[in-house]
Amino acid sequence: MGKGKLIVIDGLDGSGKQTQTKLLLEALSHTGQPVRQISFPTYGKSSALIELYLSGAFGGRAGDVNPYAASTFFTVDRVASYLGDWRADYEAGTLIVADRYTTSNAIHQAAKLSTEQKRAFFAWLDDFEYEKVKLPRPDAVFFLDLPPALGQELMARRYSGDERKKDVHERDLAYLEQCYETAQLAARELGWQRIECSGKGEIKSVQEIHLELVRRVKEICDIL
Ligand SMILES: Cc1cn([C@H]2C[C@H](O)[C@@H](COP(=O)(O)OP(=O)(O)O)O2)c(=O)[nH]c1=O
C-alpha cells in the first residue's frame, strides 16, 4: 500500500491558516485526487490537557507551563487523532492537509526558550514526534508569515474585540512576538517554505496568498 502525502500549513494565531487551508482543500478537491483536511488541536476527548493549559488552569501566562511538558499535551492529541482517525486514509494514499501540526510546538513552545535552547528543542521535538512516537513526517511545511501586530487585526475581527475569548497564547502580544521570531528561525533551520502574507505593512488579499500557496504546492505535487 502506498502512503499518501502530508502537507502542513502553520503560522501564528490570526495568520489566516483556517481560511487558506479551506481554500487549498477546495482547489485540491477539483483534481480528483483523494484529499482531506485535519486540524490541531482537535478539541475532542484527547485534548483535555490542552484545553486546561490554554484556558489558564495551569497559570495565566504561556510561560507558566514548561515547553516540553506543554508540547506533550499536543503530541498526545495528535497521536490519538492519527491512530483513531486519519492513519488509514494516509496509508491508502490520501493527500492530507493539516492546519497546524508538530510545527506548532516548534513555534509556540520553543518560543519560551533562548536561541540555543530553541535549537535543542527543535532537535528533541523532531526525534520525539517523528522518530519515537512515529507520527508521519510532513512532505512540506508552509509557514504563513504574518507579523503578530497584523495578525492581531484579524483576531480582533474574529473575536469582535472581546479579549476574554482569547486563550493564554493569544492574549500576550510579547509572547506572540517571541513566537514570530521563533517561527522565522524554525523556517530557516527546519526547511519550511515561507509564504509572505503582508507587504508594505498591509495584509495581502486572501486570493493573493491562496494563489501563491497553490503555486508552491504545485511544485511538490504534480496534481494541481
Ligand atoms: C497544534 C498545536 C498548537 N499549539 C498552540 C498554538 C495556538 O496558540 C494554540 C491553539 O491552537 P489554535 O489553532 O489557535 O486553536 P483555536 O482553534 O482555538 O484558535 O495552541 C501548540 O503550542 N502546539 C501544538 O502542537
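Guide: A residue is called buried when its relative accessible area is under 20%. Keep that cut-off in mind for this predicted model.

Visitor: What makes strand E3 largely enclosed by the rest of the structure?

Guide: Count its residues. E3 spans residues 95-99, and five of the five are buried, so the rest of the structure largely encloses this strand.

Visitor: What makes E2 a partner of E3?

Guide: Apply that test again. Five bridges join E2, residues 35-39, to E3, and at least two are needed, so these strands pair. They too run parallel. Here Val-35 stands opposite Leu-95.

Visitor: Why is Arg-216 called buried?

Guide: Set its value against the cut-off. Its relative accessibility is 15%, and buried means under 20%, so Arg-216 counts as buried. This residue sits in helix H8, residues 206-220.

Visitor: What does Arg-216 touch?

Guide: Leaving aside residues up to four places away in sequence, Arg-216 touches Phe-142, Gln-193, Arg-194 and Ile-195.

Visitor: What makes the pair of Arg-216 and Arg-194 a polar contact?

Guide: Look at the distance. A polar atom of the Arg-216 side chain lies 2.9 Å from the backbone oxygen of Arg-194. The limit for a polar contact is within 3.5 Å, so this distance passes.

Visitor: Which residues of helix H2 are buried?

Guide: In H2, residues 48-55, Ile-50, Tyr-53 and Leu-54 are buried. They cover an arc of only 90 degrees around the axis, which puts them on the same side of H2. Helix H3, residues 67-91, is included in what covers the buried residues of H2.

Visitor: What follows H2?

Guide: Gly-56 does, with a positive phi near 95 degrees.

Visitor: How confident is the predictor in the chain?

Guide: The average pLDDT is 94, on a scale from 0 to 100. A score of at least 70 is reached by 98% of the residues. Where pLDDT is low, predicted coordinates should not be read in detail.

Note on methods. Residues numbered from 1 in each chain as written. Predicted model: local features only at pLDDT ≥ 70, side-chain atom pairs only at ≥ 80, totals over all residues. Heavy atoms only, no water. Buried < 20%, exposed > 50% of the residue type's maximum accessible area, 1.4 Å probe, protein only. Helix = DSSP H or I, 4+ residues; strand = E, 2+ residues; numbered from the N terminus. Arc of directions from axis to C-beta. Contact = heavy atoms within 4.5 Å. Polar contact = N/O pair within 3.5 Å; in protein donor to acceptor, adjacent residues only side chain to side chain.
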